[in-house]
Every structure is written in C-alpha cells, then in structure tokens.
Amino acid sequence: MPAKGPSDCKQNGVESRDNQIFRQYGFGQLRQTGLRERVLTMGSAIAPHKDVTIHLIGKDALLLQAERGDLIRLNPAAAYIWCCLQDGQGPEEIISDYSSEYCRSKEHARNEIDLTLKNFSDHGLLAGGADEAVESRPEPGQTPLPRRSTPPERRGPQHSLQILGTKFHVYYPSADLRDAVEEVMAQFSEPDKSCDVVMDVVRRGGGYGILADGQEIESGRSVDELIPQLKSALLVTAINRIEFGAYFHSAVLSVGDELLLLPGPAGSGKTCLTLALSLNGFGYVSDETALLEMKTMHIRAVPLSPCLKSGAWDLISTMYPALSKIKPYQRVDGKEVKYLPVPAWRGNGSRDTARPARWMVFPTYSPEQPTELRRVEHIDALQRLVQDCNAWRADLTPQMVDQIIEWIYGVTCYELCFSSLDEAVNEIASICKDGQFGHSNKRLHLL
C-alpha cells in the first residue's frame, strides 16, 4: 500500500489541478458526483474489477482497464482506497484506516470514500459496477477499407523515397508537382529502384487524389492542400509498417548519444525552440515525431522538414532570413505553413538511429511571461505525454504500463515557459551538459 501523509489528500481522490482519467488516445474528464447522488455505500459488497490492474508511480497510481484501453490516474488518497479494496478489507476497517491516515473524522472519511467509490463505479472499475460509455473499437476486419481506385495506365514523373526503411515510388501527373514535393521531402530521396509501396497522385475534378497500392487514402482540392496530405500519408504508411510502442507528438534533438524530447501540442513553440537549439550544439532529429520502441525503450524519430505555422514566422525570421522566400502551403485544417529544409546534422552516428531519451521538456511559448524552467513530477510528465500521444501500436497491457512507468523514471522531466528563444536555449543547455552548449549568434545553417 502506498505510503501517504495527511497533506496528500485534498479532494476525495480527485486532484484539483488535473483530470484523473486519460484514455488510450488522450484525456477524458472524471465526473464528480455530489454526495446526495450516492448510490454506493460502505455497507455494499465492493471489490475491484478482475480486469483492472494498479500500477504505482510515486505516491500516485495508474489503473489500467485493459479491455477499453483506459488509463486512470489516482491521487494518493484514491490509490489508498483502491489498495484497501484489493487487500479485501471490510468497510469499517477501511473507514478506520483512512480516518487515521488522513486525520479525518469517521463521518468525513465515510463521505470521501463513498464519493471515490462512486467515481470508481462510474468508470466500470468495480466488480458489477456500471460501465462507462466509451467509443467502440472496431474488431479486426471490421475497419472500413479505403475506396479502391484504378491507377492511371500511363504514369507520369516518379519520385523515389525511403522513410523508416519503407521504400516508396510516388508517381505524379506533372513534373512541377513532383518537384514541389521533392523540395519538402528531399531528405528522404532514395535512388534505389526497389519498392515496397507505390503511391499515385492523380487529378480528380478540380483537385487531387492520393492512392497507395491502388487504394485511395487522401484527397485534396489544390496543390497547397496536397503536399501536406502527401507528407502525412507517406509518414503514416511508413510508421504502420514498423514495430513501435507509442507514437508521440514531440520534437527530438540529440545530445551525444542521448535524446532530448520536447513534447507539446501545436502552438506550444516547440518547432521554433527546436530550430534555435539546433544552432547551439544540439542535433536536429525531428520537430514532431517520436516513436517509443518497446523492446529497447529507445526513441526513434523521423527527420521531417520543420513545419512552421504562420504565427511563428516572425519569431524565427531573424535566425532564418530566407524564410520569406519559402512558399507557404494551406493545410486542410486551414492553417498556413512553411516547410524549412532539414538543419544540418550535428549529432553522432546516423540521424534516425534509435537512442535513449534522457531529458524531457514541455515547452510553452508565452511572450508576456518571464522564461522559467521547472521540474515536473514523473506522474505529471506521463499524463502530459500521453495527452500528446498520437497512437499506441497495440492495446495497452499491464506489462506495457509497467515498462512505460520504468522508462519515464529514467527521464529527467521539466516544463519551460519562455518568452525569449535565447533564454530558453540557455535554460535547456544548462540541464543537458554543463559547458557544452553556448549561445551562438549564427544564423540557421540548412542543407
């Protein structure tokens, strides 16, 4: 049973600053139910659901509901109650122990325990409890197949690429379109004539369609939409052909033989910060894709061209004056972006080699706030990382959860609020290797 002190419990097992439940693909919200709505009492026969496992992480805990792929975060008080249930303690014994542990009166303890049990029941965590409504996951073979289309009889100009070991041949209706894509994906160009996947870009009405081995997977109304969609289609296809555990939305930089991760949602400033760090001794690996390999627990990244949204152009223009000459593209989500050439490689070995992650920094660009770097507890870092997880390769198992917890404990985690790129670079350099990284006034050197 996790050791806790009276100050650890604030709200009936529900933390005030965070939602408790996070699912396989993001965070949900744990409903709080008023005491007048209680349907469970400590007089009931209550036991944990047989398919739910508990995984301790510091004073907190995670519950895995494997059938639904849900991870539920418990604060120390909720974890204490769960452990009591798991140990088979009776109602009065739990109330007495909880009252003593958290300096509560027995009536207060009973109310808090009842509310926590109601939350457990609402999420289907108790034997015989109500199941929470969740999105249904299709059974194997039930996923709708993409529409089958016939590739053109006479294919046009071709471009060969290799991403994560998958070799693509992409055919275009015109040389101009091929050249535009090559400019964005130049780092993946591959002269090898062998091929794993054939993609065709075909004209359709006033727009374009993208076929992979004859199946339509994307469509766009214009060239501006097509290039971001083709980039995404190539990446997803390559990722789905390899083994990985989790696919995180994170920038990745190398420091010697180890990695620095910068996870965060769009608009957090991670691409600008990544480019600035690449000027100061860090090796650019990726600005958005990090794959966690479960066998080695190393990170493998995809060296995509840095993607800058229009709101970041002014911030990065002093480092890269040629930015104004790069063609912008309109994504299907309406955002205007520019793709920069990949920064020159400054790391050891190959850029796409899987390496251990040693540092994790969650950046937030806030021009009105002072730059500040703060340590983050591992449970908070894991919750935020899962929030930025694009996908898991397979359903979560208790063994996977234990592996991920052990992995996150080997990473030093921070959050960085920054208003100045110079100050942000200095803060991150100070935690990686003292004296190795010094500020540089150089402009961005690109291949």
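The chain carries 10 helices and 22 strands, taken as DSSP runs (H or I over at least four residues for helices, E over at least two for strands) and numbered from the N terminus. The model is a predicted one, so local features need pLDDT of at least 70 and side-chain atom pairs count only at pLDDT 80 or more, while totals for chains, interfaces and linings use all residues. Residues are numbered from 1 along each chain as its sequence is written, and side-chain values use heavy atoms, with hydrogens and water left out.

Of the 447 residues, 54% come out as buried (under 20% relative accessible area, with exposed over 50% and partly exposed in between; 1.4 Å probe, protein chains only). Take the contacts (heavy atoms within 4.5 Å) between residues at least 6 apart in sequence: 70% of them join residues at least 24 apart.

Now for the sheets, where two strands pair if DSSP finds at least two bridges between them.

Aspartate 196 is found in the loop between helix 4 and strand 8. With 38% relative accessibility, aspartate 196 counts as partly exposed. Leaving aside residues up to four places away in sequence, aspartate 196 touches Gly165, Thr166, Lys167, Asp213 and Arg241. Phenylalanine 168 is 28 residues from aspartate 196 in sequence, yet their C-alpha atoms are 6.0 Å apart.

Another open sheet has three strands in the order 16-18-17, paired antiparallel. Strand 16 (307–309) and strand 17 (329–330) are its edges, each pairing on one side only. Strand 16 is joined to strand 18 (residues 336–339) by three bridges, and cysteine 307 has tyrosine 339 as its bridge partner. Elsewhere, strand 19 (residues 357–365) pairs in the parallel sense with strand 12 (residues 258–263) over three bridges. Seven bridges link strand 19 to strand 22 (residues 412–418), also parallel.

The largest pocket holds about 770 Å³. (On a 1 Å grid over the protein atoms alone, a pocket is an open set of points where a 1.4 Å probe fits, with protein on both sides within 12 Å along at least five of seven lines; lining residues have an atom within 4 Å of a point.) Among its 31 lining residues, Ala266, Glu288, Cys307, Lys309 and Arg331 are the closest to the centre. Helix 5 gives the most to the lining, seven residues. By type, the lining of the largest pocket splits into 13 nonpolar, nine polar and nine charged residues.

Terms used. Points joined across faces, edges and corners; volume = space filled by probe spheres on them. Nonpolar A, V, L, I, M, F, W, Y, C, P; charged D, E, K, R; others polar.
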